[in-house]
Amino acid sequence: MKTNFDFLSPSVNFFGPGVIEKIGERAKMLNMNHPLIVTDKFLEGVVDGPVAQTLASLDKAGVTYTIYDGVEPNPKIHNIQTAKELYLAENCDSIITVGGGSAHDTGKGTGIILTNGEDITQLAGIETLKNPLPPLMAVNTTAGTGSELTRHCVITNQETHLKFVVVSWRNIPLVSFNDPLLMLDVPAKLTAATGMDAFVQAIEPYVSTNRNELTDGMCIQAIKLIEGSLREAVANGHNVEARTKMVEAEMLAGMAFNNADLGYVHAMAHQLGGQYDAPHGVCCALLLPIVEKYNIIAAPERFAELAEIMGENTEGLSTRDAAELAIKAMRQMADDVGIPRSIKDIGAKPEDFPLMAENALKDGNAFSNPRKGTKEELIQLFQEAYDQE
Ligand code: NAD
């Protein structure tokens, strides 16, 4: 548990049904005269969807803009290079991202190479950015990654298939918008994957070596909210209350890991995402019970507490048995929302495991994992995630 820490979050966070209407006014306040809107073709095409509502508010405030609609899931270096060229060609002065983690990370990555040098691979790591990014606002449409409020920018090198992270306080958007009404039409499968990402982002900081009292509180509340609302959000996407609780949870989890960091689930999920271009939340969910079972011996009491937080009855159980119950509850959640069981389902191949294990140990998320693993142990964890039926 840390007692000396910096606590990072965006300066303003607009939360709640209908807050998207405020974006035009806020762009004016920030002197954004010509933002680059960073999004994808699907969201751009949704009638009255998140992009349409963002543009309507900007139009009303008299803000002109240019749209980059080339965001891909697991954004690649070429995405940020194209967005940067458009930004310069159209004389943009700021960035507004509209979408999930991929849109926000593309916007952050574009900002990074505009002001900190063209080769983003050289900037991977912690606090490598010397210059501020252009003013950045994030309209979030998944619950979710938390990227709309974090200092992380996750990009994939399309040549090496390596997913890497640029972690810097300069990446944190100035303003973020979390409007649950923008998420009502997220399909069930995507709700499950993104919700499981938020779940993992509440669990990993709870057992992280960099946790503190503030992040503990955020993790506990996020886990309770997810336990109480993710299944319903998957089953009935138009339930505004369930969607609202999931957004609250993803924000709490985002703030928690922004300040307490993550662990091997994310370090290994980045390898699966980079290698097989698989959805990030699914990669995290597939690894969660296996990695956390491995972690139990490093923090058995914390895992026993997690079981209680997840609503399990631990009365009369030994610490170890209670900790095992937490792993069972994690697996149950993934099963209930329809996550597959094996990484075979996302195309994983055992011959890739040695290199992926080596790279996972170098990933920025690995250092705060409670148990310090070896390459051989991580190969074994990938293998277990592969063999799991
Ligand atoms: P995503 O942004 O990749 O979006 C997935 C799909 O969902 C897209 O096709 C998009 O069009 C669609 N979509 C988004 N919003 C929708 C809506 N409201 N309705 C219907 N469809 C919608 O998914 P994600 O899980 O939000 O982001 C994953 C990415 O974020 C990964 O690259 C991951 O590594 C990264 N990530 C970043 C951070 C961070 O702090 N920077 C944290 C965790 C994950």
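Ala, Val, Leu, Ile, Met, Phe, Trp, Tyr, Cys and Pro count as nonpolar, Asp, Glu, Lys and Arg as charged, and the others, Gly among them, as polar. Keep in mind that this is a predicted model.

**Exercise 1. The ligand shell**

Task: describe the shell around the ligand by class, nearest residues and origin.

Solution. 
1. Sort by class: the shell has 17 polar, 11 nonpolar and four charged residues.
2. Pick out the nearest. Of the 32 residues around the ligand, these are Gly100, Gly101, Ser102, Thr145 and Ser147.
3. Assign elements. Helices H2 (41–45), H5 (101–115), H6 (188–207) and H10 (280–295) each supply at least two shell residues, as does strand S7 (152–157).
4. Find the top contributor: H5, with four residues.
5. Assign domains. Domain 1 (12–183) and domain 2 (188–387) each give the shell at least three residues.

**Exercise 2. The annotated domain**

Task: characterise residues 191–386.

Solution. 
1. Check the record. UniProt, in an unreviewed entry, places "domain: Fe-containing alcohol dehydrogenase-like C-terminal" at residues 191–386.
2. Read the secondary structure: 71% helix and 0% strand.
3. Take the span: the end C-alpha atoms of residues 191–386 are 24 Å apart.

**Exercise 3. Asn239**

Solution. 
1. Locate Asn239: it sits in the loop between helix H7 (213–235) and helix H8 (240–260).
2. List contacts. Beyond four places in sequence, Asn239 touches Glu232 and Ala233.

Notes:
Residues are numbered from 1 along each chain as its sequence is written. This is a predicted model: local features need pLDDT of at least 70, side-chain atom pairs count only at pLDDT 80 or more; totals for chains, interfaces and linings use all residues. UniProt positions are given in the numbering used here, feature names are shortened, and annotations may be inferred rather than shown by experiment. A residue is near a molecule or strand if its C-beta atom, placed from the backbone, lies within 6 Å of it. Domain bounds come from an automatic or database domain assignment. Two residues are in contact if their C-beta atoms, placed from the backbone, lie within 7 Å.
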